[in-house]
Amino acid sequence: MKPAVSPTESFIKRHMMNANGTLATYLKHSKSEHEDIVAGREALSESLGLWMQYALLIKNHALFQEGYEQLMNNYVTPQQYIAWKRDSDGAIHANTNALGDDFRIVGSLLKAAKLWEEEHYLKTAKAISETLLSKVRKDGYYTDFYDFAREELPDTLSLVYIDSAALAMMLDAGFIDKSIFDRHADLLRHMPDDGLFYPKVYDIAAREYRYDASVNLIDQLIVAIHRTTLGGNTDVLASFLKTEFSQEHKLMGRYDRASRAQEVSYESPAVYGLAILLAVEQDDRAWAKQLHERMIALRSTDALYSGGYVFDGNTHLFDNLLPLLAETALKVR
């Protein structure tokens with residue numbers, strides 16, 4: 001007997017897919033004011049990577065293959081890089097990749113190649129990895145992106161992009177050598193903190209970590225998950241989150257670095273999803289279940305949007321995909 005389909009998966013399929021099958025970023029239509037700002041029904045490589053991870057978690061080959069076809073038909077360019085954004089009608093205006101999204105997709109392809117013994121997944125993962133290796137690096141480090149039109153890249157590597165699990169699979173596949181893996185893993189292993197929060201970026205040119213004054217909890221949790229994968233300790237952040245949740249009965253999206261005070265009054269389903277995934281990685285299922293109860297309480301009560309995390313008639317796909325991954329991880333791991 002097949003397991004019941006998550007209502008959040010059903011919501012995504014009903015409301016968050018464009019006519020061409022790409023995953024829309026927002027429920028509502030709107031026009032982007034700038035090419036670097038996502039709006040309306042535009043589609044992101046980030047969303048596709050998370051959707052592919054979900055297909056792997058539930059071991060749904062057909063769903064993963066649909067994602068793979070989307071990747072090849074809508075995101076992979078002739079230069080063998082993944083465009084980070086597409087219009088809802090499929091047109092590409094972005095000339096850059098997004099490193100973290102690339103690693104997520106490459107890691108998913110490598111997992112799929114092993115799970116289903118599909119050679120084309122491996123071949124695509126290798127082609128994308130070779131582009132990253134040849135173009136998206138400075139002084140031995142990967143960078144946040146590469147502008148393939150201007151042939152420029154930044155001096156920064158956002159710590160959230162160092163996907164340790166994907167890099168380990170790339171090493172195992174022979175796509176990168178151990179020195180490259182170690183160089184990036186060491187950025188997480190030996191990363192400083194301010195007593196609680198992690199830095200935002202590593203400045204490659206200056207060889208130093210940099211912090212933001214305002215802390216995005218999504219970034220912090222993703223970095224913590226990557227660090228946990230390497231066997232690193234993330235107990236201080238987890239303890240802070242448990243204290244916050246115990247006192248406030250919820251977690252907020254942003255905190256002030258200096259005061260540790262909440263900066264916003266909104267909750268983020270994505271934050272809960274990532275906190276659950278971190279708890280699962282730490283084998284703290286009791287904490288994961290507490291977070292899960294609060295997360296699903298945020299689902300829409302409007303029958304039209306059943307299963308979705310919709311607020312004021314709109315939602316971001318990230319706030320649905322991460323909860324979907326989290327609730328699934330709780331079931332299958």
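Reader: Which residues does Leu 71 touch, not counting residues up to four places away in sequence?

Author: A contact means heavy atoms within 4.5 Å. By that rule Leu 71 touches Leu 48, Val 76, Ile 82, Ile 105, Leu 109 and Thr 124. This is a predicted model, where local features need pLDDT of at least 70 and side-chain atom pairs count only at pLDDT 80 or more, while totals for chains, interfaces and linings use all residues. Residues are numbered from 1 along each chain as its sequence is written, and side-chain values use heavy atoms, with hydrogens and water left out.

Reader: How many residues does the largest nonpolar core have?

Author: A nonpolar core is a set of buried Ala, Val, Leu, Ile, Met, Phe, Trp, Tyr and Cys residues joined through side-chain atoms within 4.5 Å. Buried means under 20% relative accessible area, exposed over 50%, and partly exposed in between (1.4 Å probe, protein chains only). The largest core here has 105 residues, and Leu 71 and Leu 109 are among those with the most contacts inside it. Helix H10 (residues 269-281) gives the most to this core, ten residues. Helices are DSSP runs (H or I, at least four residues), numbered from the N terminus. Another core, of five residues including Trp 84, lies apart from it.

Reader: What is the phi of Glu 117, and what is that of Asp 312?

Author: Most residues other than glycine have a negative phi. Glu 117 has a positive value, near 55°, and sits in the loop between helix H4 (99-116) and helix H5 (119-135). Phi of Asp 312 is also positive, near 55°; its loop runs between helix H11 (285-296) and helix H12 (318-332).

Reader: Are these two residues buried or exposed?

Author: Glu 117 counts as exposed because its relative accessibility is 71%. Asp 312 is exposed too, at 77%.

Technical notes
Helix = DSSP H or I, 4+ residues; strand = E, 2+ residues; numbered from the N terminus.
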